[in-house]
Amino acid sequence: MTAKLLLFTLCILLTGHYLNAQQMLSLEKYGSPKTKKFLAGQGISYQLKGQEGWFDSVIEGFRMDQNSIILGDRYVKVDDISMLRFQRSWPKATSISLYTFGVSWSGLALVGTLTDGNPSTNYRWSDAVISGTSLALGFAFSRIGPFRKIKIGDRRKLRLIDVTF
């Protein structure tokens, strides 16, 4: 057991200087232990202070001494970022599912009414209400928007982190 521990310690000490430090951009929320980390190679969508437009870039690296992010065509100081934007996929998927459900409910109720051979069954108002509600909810979910915007300020903070071994 001691030989295995000694061998493991020796391997760590010999290979430790070959390991690179990991640098990342961290989005932290006040009072929450959860953080969102951005590593080199990841895409980021951001807005700068005093500007209206959004910029989409890939993080190429970090300059810890300047507290800035190296992007494709520029260096951006972390303190100059006012908002981050993330892609949301659930509103579109939910609206498509609700549209499909509403049309399927009405279609199957209509086909069942026409093909069952029973003159006492027919397409009811409840079928139309269920289909209409589903279509209206699908339309409402499609209007939510494809992006979630996070304002950097008092409760949220961006920070560069250098984790060295």
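The lining of the largest pocket comprises, by class, three nonpolar, two polar and six charged residues, where Ala, Val, Leu, Ile, Met, Phe, Trp, Tyr, Cys and Pro count as nonpolar, Asp, Glu, Lys and Arg as charged, and the others, Gly among them, as polar. The model is predicted, so that local features need pLDDT of at least 70 and side-chain atom pairs count only at pLDDT 80 or more, whereas totals for chains, interfaces and linings use all residues. Residues are numbered from 1 along each chain as its sequence is written, and side-chain values use heavy atoms, with hydrogens and water left out.

The volume of the largest pocket is about 200 Å³, taken as the space filled by probe spheres set on grid points that are joined across faces, edges and corners. A pocket is here an open set of points on a 1 Å grid over the protein atoms alone, where a 1.4 Å probe fits, with protein on both sides within 12 Å along at least five of seven lines; lining residues have an atom within 4 Å of a point. Among the lining residues are Leu27, Glu28, Lys29, Phe86 and Arg156. Strands β1 (22-29), β2 (35-38) and β9 (147-151) each supply at least two lining residues, and β1 gives the most, with three; strands (E, at least two residues) and helices (H or I, at least four) are DSSP runs, numbered from the N terminus.

The antiparallel strands β1 and β2 are joined by four bridges, and Glu28 stands opposite Thr35 in β2.

A search of the whole structure finds four aromatic pairs, defined by rings of Phe, Tyr and Trp (its six-membered ring) whose centres lie within 6.5 Å, with planes under 30 degrees apart counted as stacked, over 60 as edge-to-face and the rest as tilted. The ring centres of Trp90 and Phe141 are 6.0 Å apart and their planes lie at 75 degrees, so this pair is edge-to-face. Trp90 counts as partly exposed at 42% relative accessibility, a class between buried (under 20% relative accessible area) and exposed (over 50%), computed with a 1.4 Å probe on protein chains only.

Notes: Two strands pair if DSSP finds at least two bridges between them.
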